[in-house]
Amino acid sequence: MKKSVMMDILACPIDKHHPLELHVVSEKGDGTVSEGALYCEKCSRFYPIMEEIPIMLPDDLRDKEQETEFLGRHSGSLPEKITARANPWHL
């Protein structure tokens with residue numbers, strides 16, 4: 001995900017809040033975010049960025065197992081408001 005381009009247009013798919021907070025775990029030299037998370041301040045949802053792709057799906061279409069693994073892998077790199085949520089999918 002090219003942060004210089006995408007952060008201007010991405011909004012939360014649930015409540016349409018803009019701008020989202022970007023938390024970078026790893027990025028390439030050209031400003032492409034490889035791993036990280038987007039966070040909506042309004043509804044407290046997070047959206048992982050995996051392999052340069054922001055995964056911004058509605059709650060019922062999210063892959064809980066994949067996101068649990070993602071949170072575990074990046075627990076030391078992402079803020080507690082994302083990693084410490086008991087139910088990050090609001091289900």
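How many bridges join strand S2 to strand S3, and in which direction do the two strands run relative to each other?

Guide: This is a predicted model, and in it four bridges join strand S2, residues 33-39, to strand S3, residues 46-50, with the two strands running antiparallel. Within this pair, Ala37 has Pro48 of S3 as its bridge partner. Helix H2, residues 64-73, packs on the sheet and touches both S2 and S3, its direction making about 80° with that of S3.

The pair belongs to an open sheet of four strands, ordered S1-S2-S3-S4 and paired in antiparallel fashion. Because strand S1 (21-27) and strand S4 (53-54) each have a single partner strand, they stand at the edges, and one side of each is left without a neighbour in the sheet.

Leaving aside residues up to four places away in sequence, Glu35 touches Val24, Val25, Ser26, Ile49, Met50, Glu51, Phe70, Arg73 and His74. Of these neighbours, Val24, Val25 and Ser26 fall within the span of S1, Ile49 and Met50 within that of S3, and Phe70 and Arg73 within that of helix H2.

Turning to the chain that holds this part, there are three helices and four strands, and from the N terminus on the elements run α-β-β-β-β-α-α. Of the contacts in the chain with a separation of 6 or more, 42% are accounted for by residues 24 or more positions apart. Among the 91 residues, 40% count as buried, while the accessible surface comes to about 5,000 Å², of which 52% belongs to carbon and sulfur atoms. The C-alpha atoms fill a box of roughly 35 × 30 × 20 Å along the principal axes. A compact globule of 91 residues would have a radius of gyration near 12 Å, and the value of 12 Å for this chain therefore agrees with that expectation.

Notes:
Residues are numbered from 1 along each chain as its sequence is written. This is a predicted model: local features need pLDDT of at least 70, side-chain atom pairs count only at pLDDT 80 or more; totals for chains, interfaces and linings use all residues. Side-chain values use heavy atoms; hydrogens and water are left out. Two strands pair if DSSP finds at least two bridges between them. Contact means heavy atoms within 4.5 Å. Axes are lines fitted to C-alpha atoms, for helices over the stretch in contact, and angles run from 0 to 180 degrees between N-to-C directions. The radius of gyration is taken over C-alpha atoms; the globule rule is 2.2 Å times the number of residues to the power 0.38. Buried means under 20% relative accessible area, exposed over 50%, partly exposed in between (1.4 Å probe, protein chains only). Accessible areas come from the Shrake-Rupley method with a 1.4 Å probe; for residues, only the protein chains shown count as cover.
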